[in-house]
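Take a look at the model first, and then we can walk through it together.

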Amino acid sequence: MKVFCAGATLVVALSGCSSNGGGSTNGVVGAAGAGFTSQPGGGVANNGAGGTPTGAGGTAPQGTGDTPSAGGSITNPGSGGSITNPGAGGSITNPGSGGSITNPASGGSTTNPGGGGTTTDPGAGGTSPMGGAGGTAGGSGSAGTVTLVHCTQVGETSAHPVTDPCMDITDAAGGTLKLGPYGASMDVNVGKGFENPNPNDDATCPAFVGIFAGETLSNQLLDTGPQPCTESTPNSGNCLNYQLFTVYRPANWPSGPIPVITWGNGTCAQPEGYGALLRYFASYGFFVVAANSRETGSGAPIQKALDFVTAANKDMSSPYFGHLDMTKVGVAGHSQGGMGAANAANADSRIQYAILVSPYPSGSTTKPFLVQAADQDVNSWSAASLNAQVQAANKAAYLYYHNPAGAAGDGFKGHLVLMLSPERVAPAFTAWWQLLFQNDMTAKNMFVGSNCGLCGHSSDYDFGEKGL
């Protein structure tokens, strides 16, 4: 999988194009320095030798398929602009922050891309960027390939959430999970205008979390900052706003729209309690939106998260604009959130597939689902009960883990497998999404066949499937 620039990628439109002879100029109007807004008739195709299409404010035309002829040049595409396949001898001058140039032909040249800009595969004789600020990784621009760093949740607080672009992450229990090719970033307290009700559970949550005696995760779950949270600036890190949402997304966006997963927290939990797992999903090209609510059993907060990102995907001012494939939507949740995920799946036609983790007190859906539980779970799930649930479905699978990690005094530590040892579940959960959303054969081989990847590990976990 190839990683592309993280900003909005803008290329030149096939429709509404005009053809210019040598030396002519055709302006394309856009928003200066901020990416391109498509205009009727926008785009310039097949410029003759010497032609110089320029846009007002230095913005690049939008769309696909532009091919400047030999000698043609493009001047000053705006932030995030992209030019594809200029002809032999064509030149691209000063693309803005994050701009990218793909495959200039023999003799083509690209001069001074801005911070984060990239040039890919220049042809014979072509020249690469001449020292744009920031180079090809970690540039100062608003787009470009983002440099990934090691992240740790050890010591994470509501005042200092982990919002860095992560290549791996150490969870609160001290285990490190290597992430996928796109890396992952977190955006906290987003979705203003789509608020959920405040669950008002601060008085009861300390006692509930105390059921899981001695776990290192407990303090993190209870640290949500001053409440009621009045912070309205995303990622500012003063508190967790229970009414808003947390997003886990690829740090470097894939080339096209990606599937969406909406998440439900367990009782009195917050999204970062599952931060390693949710970043893992994101790093393989999935967009995860989690309601910050700690009472999600109705499924309503989980559905409200979908309302938010559906609107954001259409909003040109949103960083998620155009990145989401709302025809591919899954739901997942843990404990009360597992029941909420099932309720949301049953109620919402947008949701196609589900992962239900130790759903409490119950949870079932007619949508294809993966259900997971473990020894020492709070509601006494067993491999046999999970298998019965799967066999009653048309298309489903289960995982039941043995020997759960956790504090010695925690009699319910099996309920927290995905939180205390996310590395045990993350690959299988992600393969579930890859199988159903992408028809990935490697993922299918994990679930299907007598020699499947999840088969034959009974000392670690029991597995079964139906209809896959």
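A search of the whole structure, which is a predicted model, finds 15 aromatic pairs. One of them joins tyrosine 280 and tyrosine 284 in a tilted arrangement, with 5.0 Å from centre to centre and 45° between the planes.

**Aromatic pairs**

- Tyrosine 280 is buried, at a relative accessible area of 9%, whereas tyrosine 284 is partly exposed, at 21%.
- Phenylalanine 281 and tryptophan 433 make an edge-to-face pair, because their planes stand at 85° and an angle over 60 degrees counts as edge-to-face; their ring centres are 6.1 Å apart.
- Helix α3 (residues 275-283) holds phenylalanine 281 and helix α8 (residues 426-438) holds tryptophan 433, so this pair ties together parts that lie 152 residues apart in sequence.
- Phenylalanine 281 and tryptophan 433 are both buried.

**An aromatic cluster**

- One aromatic cluster is formed by Phe194, Phe245, Trp253, Phe287, Phe308 and Tyr320.

**The second largest pocket**

- The second largest pocket contains about 240 Å³ of space.
- It is lined by 17 residues, and the closest to its centre are Val190, Phe308, Ser318, Pro319 and Tyr320.
- Phe308 and Tyr320 belong to the aromatic cluster and are also among the residues closest to the centre of this pocket.
- Strand β12 (184-190) and helix α4 (300-314) are the elements that give two or more residues to the lining.

Definitions and conventions. Residues numbered from 1 in each chain as written. Predicted model: local features only at pLDDT ≥ 70, side-chain atom pairs only at ≥ 80, totals over all residues. Heavy atoms only, no water. Phe/Tyr/Trp six-rings, centres within 6.5 Å; stacked < 30°, edge-to-face > 60°. Buried < 20%, exposed > 50% of the residue type's maximum accessible area, 1.4 Å probe, protein only. Helix = DSSP H or I, 4+ residues; strand = E, 2+ residues; numbered from the N terminus. 1 Å grid on protein atoms, 1.4 Å probe; cavity = no way out; pocket = protein on both sides within 12 Å on 5 of 7 lines; lining within 4 Å. Points joined across faces, edges and corners; volume = space filled by probe spheres on them.
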